[in-house]
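Please read these notes with the sequence and the model open beside you.

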Amino acid sequence: MKKKLVFATNNSHKLQEVSKILGDNLELVNLHDINCQEDIPETADTLEGNALLKARYIKEHYGFDCFADDTGLEVEALNNAPGVYSARYAGPGHDAQANMRKLLCEMEGKENRKARFRTVIALILDGKEYLFDGIINGVITAEKKGESGFGYDPIFMPDGYTQTFAELGDDIKNTISHRALAVHKLAEFLSSLS
């Protein structure tokens, strides 16, 4: 019998990414699958705080073991903004195109284009809480390039590569990304329990 674990997301891109990494060892379900229609508040001022808020909400209201993530793009020249506000950088609408436009506008004329993506995963399992993180460093490009991925992928070029996440495609991104690194830590932890 596979263990059932809720991934507190409605983002199908994230679910696919994470499912590929975790493999077939457990039954991964999302918020839609457990009939969670609420917009879970993300009111913490850290990625760790938001991930824990989401995971605790699912455990408290639905009773499932679960994990949740929060990801931020931290740009050195902008004092690590947008950070925890990455999804809502240009306003509450979670508009990726508007977020990228705003970020590129704020980066105009800045020589330091260093940035990093950071993902934190909060896991609640058998009554205990665990945190895993993943970080990938890179730079903000001057313009959007590439069609795959989502969010800021078209303007983030990871260190050691000459293409953006959106140009590299899912197969490469899923092996090197911040989320992949955090999910691999989660996967290692889960497999160490079985």
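1. Two strands count as paired if DSSP finds at least two bridges between them. Helices (H or I, at least four residues) and strands (E, at least two) are DSSP runs, numbered from the N terminus. This is a predicted model, in which local features need pLDDT of at least 70 and side-chain atom pairs count only at pLDDT 80 or more, while totals for chains, interfaces and linings use all residues. Residues are numbered from 1 along each chain as its sequence is written, and side-chain values use heavy atoms, with hydrogens and water left out.

2. Strand 1 (residues 3–7) and strand 2 (residues 26–29) run parallel and are joined by 4 bridges. Lys-4 has Glu-27 of strand 2 as its bridge partner, and Lys-3 stands opposite Leu-26 in strand 2.

3. Strand 1 also pairs with strand 3, in the parallel sense, over 2 bridges. Here Val-6 has Cys-66 of strand 3 as its bridge partner.

4. Which elements make up the β-α-β unit? They are strand 1, helix 1 (residues 12–22) and strand 2, and the unit is right-handed. A crossover is called right-handed if, with the strands pointing away from the viewer, the path from the first strand over the helix to the second runs clockwise.

5. The structure holds 0 disulfides (pairs of cysteine sulfur atoms within 2.5 Å). Cys-36 is in no disulfide, and the nearest cysteine sulfur, that of Cys-66, is 10 Å away.

6. Is Cys-36 buried or exposed? Its relative accessible area is 2%, so Cys-36 is buried. Cys-105, at 52% relative accessibility, counts as exposed. The cut-offs are under 20% for buried and over 50% for exposed, with partly exposed in between (1.4 Å probe, protein chains only).

7. The largest pocket holds about 900 Å³ of space. Of its 35 lining residues, Asn-11, Lys-14, Glu-42, Ala-87 and His-94 are the closest to its centre. On a 1 Å grid over the protein atoms alone, a pocket is an open set of points where a 1.4 Å probe fits, with protein on both sides within 12 Å along at least five of seven lines; lining residues have an atom within 4 Å of a point. Grid points are joined across faces, edges and corners, and the volume is the space filled by probe spheres set on the points.

8. Strand 3 gives the largest share of this pocket's lining, 5 residues.
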